Amino acid sequence: MLNSVLRSALALLAVLSLAGCGWHPRGSQDLSLQMRQLRLVTQQPDAALAEQLRRALRAAGVELVDAAGTGLSLHLGEEQRVLRKVSLDRDARSAEQEMRVSVAFDLRNADGAVVFGPRTATASRVYAFDPNSIIAKQDEENLIYKELIDNVVGQVFRQLRRAESGLAP
């Protein structure tokens, strides 16, 4: 009896500790916005980042409009994806790589005047690289790229919420 009470207390303590530290499952970002309409202007309409941002905006209940002059517009710059070697092995081959994804953006009113920004959202990750298993590493790089895109979209949403609340400088 005492043992089960102790287990329950420890489980409750673990849950409260995780909730208190801000931990949350991957992909569980709050992507809610107050705005109902937005025009998305991007230099790369078919890029993965633009597509993911469109999906997230629609999921948040934001209607994407095509016509200029209808309200706020989010202008995305060119998506930057950079791969660089971080460390080398004893044969001077890449042992670790870093992938970085970034995009510049700003929010403009119906007249085209910038009301928030320009800002840059950036996400990066360092991972082990084995030149002997290129196919597996390509799959891992694709997965890391998707995670970085999700992270950048979350950053854009947080900045849009900040712009909505009027806290922007």
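A salt bridge is a side-chain nitrogen of Lys or Arg within 4 Å of a carboxyl oxygen of Asp or Glu. With that definition in place, let me turn to the structure above. It is a predicted model, in which local features need pLDDT of at least 70 and side-chain atom pairs count only at pLDDT 80 or more, while totals for chains, interfaces and linings use all residues. Residues are numbered from 1 along each chain as its sequence is written, and side-chain values use heavy atoms, with hydrogens and water left out.

How many salt bridges does the rule give? The count is five. I shall present three of these pairs.

One of them joins Glu98 and Arg84, whose side chains meet with an N to O distance of 2.5 Å. Glu98 belongs to strand S5 (residues 94–108) and Arg84 to strand S4 (residues 80–88), so this pair ties together parts that are 14 residues apart in sequence. Helices (H or I, at least four residues) and strands (E, at least two) are DSSP runs, numbered from the N terminus.

Are these two residues buried or partly exposed? Buried means under 20% relative accessible area, exposed means over 50%, and partly exposed lies in between, with a 1.4 Å probe and protein chains only. Glu98, at 7%, is therefore buried, whereas Arg84, at 45%, is partly exposed.

Next, Arg108 pairs with Asp106, and their closest N and O atoms are 2.8 Å apart. Here Asp106 is buried at 10% relative accessibility, while Arg108 is partly exposed at 25%. Through salt bridges that share partners, Arg84, Glu98 and Arg100 are joined into one network.

Glu51 is partly exposed, at 30%, and Arg54 is buried, at 16%.

Helix H2 also packs with helix H3 (residues 134–165), at an angle of about 55 degrees and with the axes 10 Å apart. Axes are lines fitted to C-alpha atoms, for helices over the stretch in contact, and angles run from 0 to 180 degrees between N-to-C directions. H2 is therefore oblique to H3; angles under 35 degrees count as roughly parallel, over 145 as roughly antiparallel, 65 to 115 as roughly perpendicular, and the rest as oblique.

Finally, the charged end of Arg81 sits over the ring of Tyr145, 4.0 Å from its centre. The rule requires NZ of Lys or CZ of Arg within 6 Å of the ring centre and within 35 degrees of the ring normal.
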